[in-house]
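Thanks for coming, everyone. I would like to walk through a few local features of the model now going up on the screen, so please have a look at it first.

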Amino acid sequence: MPDITEMFSAPLTFNWTLSYRCNFVCEHCYSRDEECEELPTADLKRIVDVLAEKQVPFINFGGGEPLIRDDLFELAAYATQKGLNVSMNSNGWLLDRAAAERLGAAGFKSVGISIDSIDPLLHDDFRNMPGAWPRAVAALDHLQAVGVRSTMSAVISRINHHAFRDLLDLARAHGVGQVYLHNFKCSGRGFKNRQELDLSPEEWRAFYVEALAVKAQTTDLKISFDDPVIASLPGYEEQGLVKGSSCGKLSLHLRPNGDITPCGFIPLVVGNILKDDFDAIWFDSPVLKAMRAKEATGKCAGCSAFADCLGGCTARAFATTGDFNQPDPHCWK
Amino acid sequence: MPNPRRNPEIIWRIERRRRDEVLRALEAGEDVGDSGTVLLIEKGTMHQLNLVGGMIWERCDGTRDPAQIAAELAVEFAVERGELQADVDEFVKDLTARGWLLDA
Ligand code: SF4
């Protein structure tokens, strides 16, 4: 495979944290302990200008809770008008009918709502927010009512790995076209709570075998995973745009102050989008280069899956060992 | 033939740095093969267009017909006009069949 930067002059997606503030304190959240200066709207628009000039086609707002910032709509409309495709992930609490209409008017291509369980009490408990579940589900309905494409996200953990089918049914019942079953990252509270929440490698394997079988039989719903370690499963043939983790290759992450990190889960700043030359970061950052050229280390050396898996999730390896090249701790091989 | 127009569902961008490299290589008389210079993303799948394909694609904005596109490319490339026209026609036909181009 040629060098990523030979194919891509910029990432395809910026995952953009406008604010680390959130109205929830979820058990698995990577960002509760993060603090960071936030930029005024004018500077956020300057960032959009850079992204448009670099032809980055997709922005996905995450957080923190994106709707915490009142200027989200204005910023999204500005990005849309510049030709970018804007989406976001939200806990749904602030997404009432009026907000859904404003999201539609701002040009959002899709809006993802996080729902971890079909059991309202379990979801609320996990998110430390009584009443979160009905508001998240209502948010899906508001989006549907105003014609904004909705997606649903669940971080797979000990509370839901056996119940993902129910989540798919919930999505169907509320007009959702795509469900993301995210892999569990050991960052922030996810790291602190990992003993209680994370699955063992064998459990991860069992989950993916089952979930891939369901995906193969499902035609009315798109089911997406973002875990490179599944490339090692026999019969897994899906071709992503790149091998291994897509962070630092197809996507980068923006912090509220404009600092760029490879992804939200890797706390290494590679530059600042308003202060530094973006091409110099994209093409020359030693951190990004190291992530794009991982070396098989430990059990990955000699593993027949390495060419496709590339050691699995780089963020998880880094969080647990401080080394990009170590095997993903979720690996069952 | 009607004016071809890019399907707005397709996300695309010119890989400028790559295109400059390909143009430099071409000027130096090197074989550039099918090196991609335009990136297309269609329903989550990525495709690349080579230099000529990319230049045709850029011009498929619904304002030009294939003859005009070929005439514009003739300024850029020292290739016989009939041959260029055939390339443009084939490209438009192929991409229209895939649904990536629409009739304006
Ligand atoms: S040993 Fe390494 S390369 Fe092999 S499946 Fe595990 S993480 Fe992937």
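By a patch I mean residues with over 30% relative accessible area and no salt bridge, in which like charges are joined within 9 Å and nonpolar side chains (Val, Leu, Ile, Met, Phe, Trp, Tyr) within 5 Å; a salt bridge here is a side-chain nitrogen of Lys or Arg within 4 Å of a carboxyl oxygen of Asp or Glu. This is a predicted model, where local features need pLDDT of at least 70, side-chain atom pairs count only at pLDDT 80 or more, and totals for chains, interfaces and linings use all residues. Residues are numbered from 1 along each chain as its sequence is written, chains are lettered from A and ligands numbered from 1 in the order in which they are written, and side-chain values use heavy atoms, with hydrogens and water left out.

On that basis, Asp3(A), Glu6(A), Asp20(B) and Glu21(B) form a negative surface patch. Asp3(A) sits in the segment before α1 (4-7) of chain A, helices being DSSP runs of H or I with at least four residues and strands runs of E with at least two, numbered from the N terminus.

How does Cys247(A) count, buried or exposed? Cys247(A) counts as buried because its relative accessibility is 18%, where buried means under 20% relative accessible area, exposed over 50%, and partly exposed in between, with a 1.4 Å probe and protein chains only. Cys247(A) belongs to the loop between β7 (222-225) and β8 (251-254) of chain A, and its C-alpha atom is separated by 9.1 Å from that of Gly264(A), 17 residues apart along the chain.

Finally, in helix α14 (residues 314-321) of chain A, the buried residues include Thr314(A) and Phe318(A), and just after α14(A) comes Gly322(A), with a positive phi of about 75°.

Technical notes. Areas by Shrake-Rupley, 256 points an atom, 1.4 Å probe, with all protein chains shown as cover. Lys, Arg positive; Asp, Glu negative; His and termini not counted. Charge placed at Lys NZ, Arg CZ, Asp CG, Glu CD.
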